[in-house]
Amino acid sequence: MKYTSAALVLSAAFIAALASVPMRAGAEGSAAWNVKGAASYLDARQAWWRSWPNAARDHETVCVSCHSALPYALARPALHSRLDESGPTPNETKLLADVVKRVRAWREMDPWYPDQTRGLPKTAESRGTESVINAIVLSRRDAAAGALSVDGRQAFTNLWGEQMRTGDLSGAWAWLSFKLEPWEGSKSAYFGAALAAVAVGSAPGGYATSADIQKNVELLRGYLTKQAADQHTLNKLMLLWASAKLTGLLTPAERDALVAEVFSKQKADGGWSTATLGPWQRVDGSSLDTKTDGYATGLATFALQQAGLASDPRVQQGVRWLVDHQDKTTGRWLATSLNKERDPETEPSKFMNDVATAYAVLALTSTP
């Protein structure tokens, strides 16, 4: 086929215009999401967290919080390939170094919240919570490398050493409770047990089937299955994610019922609201913000994707909502506190945005 000069000019113009169009994130009719903006927001927030005096712990380490540092550790690696990064960011490296240091010197480290200064039973709660968080951080790091490291294996040894073997928490872990929802509240031990299941199921080399841990794994399965009916939907989303990593947590009928419950909470705009996924009540008496938010939508979309429903049109609606609701200036997604009405300019109010952004990233990087 021969081209005239005019046609060549038009073709070049078309190619240039096409190259300038952002890549879409599997959401028809939506502009691409800002990968670099999301990474910049997460990096800046983790840098702030490390510098915040309240986050400091002994031996020059920093607490790995459920609302900021842990979501960062889970989500930030998913952006490496999209940003052509050759490895962990400086903030990731520091976080991992803290985790490894505390794993190696487990009994020498002070608990995050000692009984002596915070009251009983904060030492046990701190040990249980940290053991789960350390395990999932190193498990997912090692999964990317393809082999369970010595430190990852030690993290699991610490984890099993803290597992409860009697009472209502048998199979789970003592979990930090400060009457702060949804990660330090009345049912947060279930959230922690689901995280532990993700850690075990994610560990490379068939760790979950190792003979020496089967009694522990069965205790964990027993807790998650027995307590599932009594959980709010936010915790059930964690169970759905865990069931995609560790077998034996849900029967096909239970899985279908859970998925139906999640979809029943989906809003008309395609997203979910954290406020409607549990029986929350703010301590200051203020009304909960029931608008669609980034945390619930990110977690629900991600958990459903992990459960094999990425191509479901309703999941794609969640993806579209996330793509369309990233803040263009900051790169973040928004969510609000379940505990009180907060000034959005204060640092604690941003914790919900941190976790919302992390789970939005997990969902969007899991989109085919």
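Predicted model: local features only at pLDDT ≥ 70, side-chain atom pairs only at ≥ 80, totals over all residues.
Residues are numbered from 1 along each chain as its sequence is written, and side-chain values use heavy atoms, with hydrogens and water left out.

Helix α6, residues 122-145, packs against helix α7, residues 150-162, at an angle of about 150°, and their axes are 8 Å apart. Axes here are lines fitted to C-alpha atoms, for helices over the stretch in contact, and angles run from 0 to 180 degrees between N-to-C directions. That angle makes α6 roughly antiparallel to α7; the cut-offs are under 35 degrees for roughly parallel, over 145 for roughly antiparallel, 65 to 115 for roughly perpendicular, and oblique for the rest. The crossing of α6 and α7 is left-handed, meaning that the near helix is turned anticlockwise from the far one by less than a right angle, clockwise being right-handed.

Which residues make this contact? On α6 they include R127, S131, L138 and D142, and on α7 they include D151, F156, L159 and E162, where contact means heavy atoms within 4.5 Å. By class, the contact of α6 with α7 has 6 nonpolar, 6 polar and 5 charged residues, with Ala, Val, Leu, Ile, Met, Phe, Trp, Tyr, Cys and Pro counted as nonpolar, Asp, Glu, Lys and Arg as charged, and the others, Gly among them, as polar.

Now to α13, which takes part in two of the pairs that I want to show. Helix α12, residues 294-309, and α13 have axes that come within 9 Å and cross at roughly 140°, and this crossing is left-handed. Among the residues that meet there are T297, T301 and L304 in α12 and V315, V319 and W321 in α13; the contact divides into 6 nonpolar, 6 polar and no charged residues.

Helix α13, residues 313-324, also packs with helix α14, residues 351-365, at an angle of about 125° and with axes 10 Å apart, and the two are therefore oblique to each other. V319, L322 and V323 of α13 touch A360, A363 and L364 of α14, a contact with 6 nonpolar, no polar and no charged residues. The crossing of α13 and α14 is left-handed.

A pocket, on a 1 Å grid over the protein atoms alone, is an open set of points where a 1.4 Å probe fits, with protein on both sides within 12 Å along at least five of seven lines, and lining residues have an atom within 4 Å of a point. Of the 30 lining residues of the largest pocket, H67, Y113, L180, E184 and F351 lie nearest its centre, and α6 and α14 each supply at least two. This lining has 17 nonpolar, 8 polar and 5 charged residues.

The second largest pocket has a volume of about 490 Å³, and its 24 lining residues, with D289, L334, A335, T336 and N353 nearest the centre, divide into 5 nonpolar, 8 polar and 11 charged.

Last, the backbone. The peptide bond from L120 to P121 is cis, with omega near -5°, and P121 is in the loop between α5 and α6. E181 and P182 are also joined by a cis peptide bond, with omega about 5°.

Conventions:
Helix = DSSP H or I, 4+ residues; strand = E, 2+ residues; numbered from the N terminus. Points joined across faces, edges and corners; volume = space filled by probe spheres on them.
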